[in-house]
Amino acid sequence: MLKKEARQLFRQKREELTATQQLKFDDLLLIQFQTIDLPFLSTVLSFHPIEEKKEVNTFTIIDYLHFTNPALQIAYPKTDFSSNSMHAILCNADTPFELNEFNIPEPVSNEVLDPTEIDLVLIPLLAFDTKGIRVGYGKGFYDRFLKQVREDCFQIGFSYFEPIESVDDADDFDVPLDLCITPQKVYVF
């Protein structure tokens, strides 16, 4: 399946989810996440879910990680559209967020975290394939950013839906996931 086709199909599938289904899937994703044997984490880059796009609720994942490691540092992405780049911004419970020009919540803080200090990246996606290639929203921000993290940094995607067989137009620019979690299974690549 081509990325364009996957984007269209999985946007539609998300739109058809009811609020009750989404809550159930978020609970199941957390249960699946809790089965992963992660090394000690000091810094995580998460993403702020966009409600109108029915993105996975990463706040439950972050709450769980904070519960298991109260000293954990959390960062959220901030995009720079002039350079087509993304930065990890360290945040705390009091960090305000504002919507950028694409209606994506971003931290107002400018405390940039070096990508090599990140132990785990939670990655948004619309679809993924059986080889760990993700289909995002098509701007390439995460792929460019992930080329800067350490080789041992875990890269985990979350999907309400199972993988497609193959992203037929994947290229060398695409950075594969290490894991992708669905309500039914943890996929390891």
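This is a predicted model: local features need pLDDT of at least 70, side-chain atom pairs count only at pLDDT 80 or more; totals for chains, interfaces and linings use all residues.
How do the residues of the lining of the largest pocket divide into nonpolar, polar and charged? I count 15 nonpolar, six polar and eleven charged, with Ala, Val, Leu, Ile, Met, Phe, Trp, Tyr, Cys and Pro taken as nonpolar, Asp, Glu, Lys and Arg as charged, and the others, Gly among them, as polar.

Numbering runs from 1 along each chain as its sequence is written, and side-chain values use heavy atoms, without hydrogens and water.

**Largest pocket.** I get about 640 Å³ of space here. A pocket is an open set of points on a 1 Å grid over the protein atoms alone, where a 1.4 Å probe fits, with protein on both sides within 12 Å along at least five of seven lines; lining residues have an atom within 4 Å of a point. Volume is the space filled by probe spheres set on the points, which are joined across faces, edges and corners. Of the 32 lining residues, Ile-104, Tyr-137, Lys-139, Phe-141 and Tyr-142 lie nearest the centre.

**Second largest pocket.** I looked here next and found a volume of about 260 Å³. Its lining has 15 residues, with Ile-74, Tyr-76, Cys-91, Asn-92 and Ala-93 nearest the centre. By class I have nine nonpolar, five polar and one charged.

**Gln-22.** I checked this one too: Gln-22 is buried at 15% relative accessible area (buried means under 20%, with a 1.4 Å probe and protein chains only). Leaving out residues up to four places away in sequence, Gln-22 touches Lys-54, Glu-55 and Tyr-160 (heavy atoms within 4.5 Å).

Notes. Buried means under 20% relative accessible area, exposed over 50%, partly exposed in between (1.4 Å probe, protein chains only).
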